[in-house]
Amino acid sequence: MIKKQGDANAVDVSALIKEKLQSIEKHNSNSEVQFVVTDDSTDNTIAAVNSVVIDLILAVILVSFVMLLFLRSYRNAFIVAVAIPTSLITAFGTMWLLGYTLNLMTLLAMSLVIGVLVDDATVVLENIQRHLDMGKEKRKASLEGRMEIGYSAVSITLVDVVVFVPILFLQVFVADMLKQFSVVIIVTVLTSLLVGFTLTPWLASRIGEKDNLQPTNFFNRFLLWFEKQLDRFINWYGNSLKWVLRHKLIFTSIVLLLFVGTGIMMKQGIIGKELIATGDQGKFRMALEFDKNISLEQNNLVSEKIENYILQQPEVESVFSNVGGPSTGMGSLGVGSANKTEFTIQLKMKNEELKMAGVEKIPTEQFMRKLRDDLQKDFSGINFSIMGLGLIPRTAPIEITLSGSDLDQVMQAGNDLKHIIEKIPGADNVRLSVEAGSPELKIIPDKDKMQRLGLNTAYLGMNLRTAFTGNDDATLTEDGVEYPVRIWLDKFSRQNEDDIKQFNIINPMGVPIELSQVATIEKDNSPSLLERKDRQPAVTLTADVLGRPSGTVADDVVAYVKNNPLPDGIEMTWGSDIKRQNDSFGALGSVLLISFILIYLIMVALYDSYIYPFVALFAIPVAAIGAFLALNLSLNHLSLFALLGLIMLMGLVTKNSILIVDFTNQMKAEGKHYKEAIVLASKGRMRPILMTTISMAIGMLPIALGTGTSAEWKNGLAWVIIGGLLSSLALTVYLVPMVYDVVDSLKEKFSSNKKHQ
């Protein structure tokens, strides 16, 4: 039954089906028709894709503005901006070859990578501009500037690529989704390297020019003022770096205190854990469970009253009713139940609809809770359960299967754990898969009495089967069409205990015998479900989650079981969201470790050194400080996409240290002492470090600040990257030079000791 608020009547699906079947019967009695009713979320998906496209456009605009601000020239900003469409075009070509579509993941990858695409072009062009400002001819400046920065450009690109390579080999729940994300980023980043080595120096050799900005208008004066402040900042940074190099213990203590503070912050429980944020789509499901003795007709009458009550709420747009229980989904065996009903409720989300209804937009979860509380007051004796619906279909997020050799012990453990989970904040509608079944009449034959009256179990069973289900062996043929025929007992109530007791069975000798003479009839409840796991009795405990992340609720359950172990012989297994979360988090944790090793090996191969790549890796741990702080401040949770952000962050933050280490090595090769080279290289690379880091952070802002459809599950990803980039920027430019100084000091000390020996 589907109703929309303001409709005079419901669209009765069953009536439409009957009408259709009657029409078909008249024309072709052999026709077979199947009707499928689906809950289509196309509108939400389109809105989510549109949201990502808007983020993509905003990111391009913001990054272009940052380039103009730092490069102080429309020409240079244009040269760098060329990398964006060129790299994205190759991504579209690769997607076409691999059969990918423009979906949430591929578009999100393009949005996130906007700030990264300009890195190679920025680093190369900034160095070319430095040579142009020295007075060199355009072609010579372009060639020498590109060659000088070559190793750095290759390094910063490859460290971005290698962190995504392990994701291509994942075999977990979200593997296909993450593979498309990774392929798009890998292709676009590699293309940006090609552009930085070819198109960027070629354009610079044609339209590049020496910096000669004059204060002829307001914008030029603003650019000159910004350049002056930037030079002042770089000089201040150089002085502060010298202080850090003289006070290494103090700076190390500050960094360690920040790590301790991050650990304490994580212990406060502000950041929860979840697989993927559901998001507020304005849609939720409400399930009703009546007493098992209720008839379908009575269920329909009460459900219609509840449905009309829901439609009277001004916030509600439409209600889809499924009277008789869900035929699919969690806790279903594929058939309906007379004592169950399910509503799928869509709230008004558009501003125009809300304005017409005279209401303000409220969070879906808040409305869900209020609606259930109101219904429980007016309709007692009904179990109401609610669950929000997002872009990704989901079942009950908490699912625990208990199994063991003793069914009674398993059931006892399940009931005990159910009572515990019900007390955990956030757990909602906790239930067991094995419940008290529907009422039934049991027929228990007496073998001695049957034998004396000439009956056996098979003969009795055959007669009872005919009585209760009928005999469908016969068929009727008319005009070449064969019709199935089922023969039933007339004037026999299969639900009446007295009728069943008086049921006559004719024995082989032709003597009628009442069923009560050879069997006893008892009233009982049939088990709702017989469940086994690994051929042992089992029971599944499920729960919805409201107000807290599912992973956080699961952690509370694990903590309780750890302190209060289950009885011997009882095994506990997680399923649903938590199983997928554990598998996905474990796999991405392995990706983090493998990516760390690959980054190191790439730099070892490029620099032919084991020590200096190790120095560059110190940028990675300090990025975690800002990443987790940003998650806390933005009230986002540690989800699959937040972990993906941490993986992406490893490649992004290593770039800053690569620029410093590589330029320091070049200065040393020119004959400068390592202490002087560290300061000069750090100051010399501060401009490209600021440009690349700020452009990436600015490019992520539209995603981080996005609201509406699909925003929740990508906000955390962007905040992790922004927080990590900023903390790495603030700490790496001091930590990496300090570690480099320590390493070269030790090398100098060991080499002098060898000379004395």
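Q: Where is the place of Ile487?
A: Ile487 sits in the loop between strand 10 (481-484) and helix 18 (497-501); helices (H or I, at least four residues) and strands (E, at least two) are DSSP runs, numbered from the N terminus. This is a predicted model, in which local features need pLDDT of at least 70, side-chain atom pairs count only at pLDDT 80 or more, and totals for chains, interfaces and linings use all residues. Residues are numbered from 1 along each chain as its sequence is written, and side-chain values use heavy atoms, with hydrogens and water left out.

Q: Why is Ile487 called partly exposed?
A: Buried means under 20% relative accessible area, exposed over 50%, and partly exposed in between (1.4 Å probe, protein chains only). Ile487 has a relative accessible area of 48%, so it is partly exposed.

Q: What is Ile487 in contact with, leaving aside its neighbours within four places in sequence?
A: Ile487 is in contact with Gly470 and Asn471, those neighbours left aside; contact means heavy atoms within 4.5 Å.

Q: Why does Ile54 count as partly exposed?
A: Ile54, which lies in helix 2 (residues 42-71), has 48% relative accessibility and therefore counts as partly exposed.

Q: How do you know that the span of helix 26 agrees with what it should be?
A: The expected span of a helix is 1.5 Å times one less than its number of residues. The 19 residues of helix 26 (residues 686-704) should therefore span 27 Å, and its end C-alpha atoms are 26 Å apart, which agrees.

Q: What makes helix 26 mostly covered?
A: Of its 19 residues, 16 are buried.
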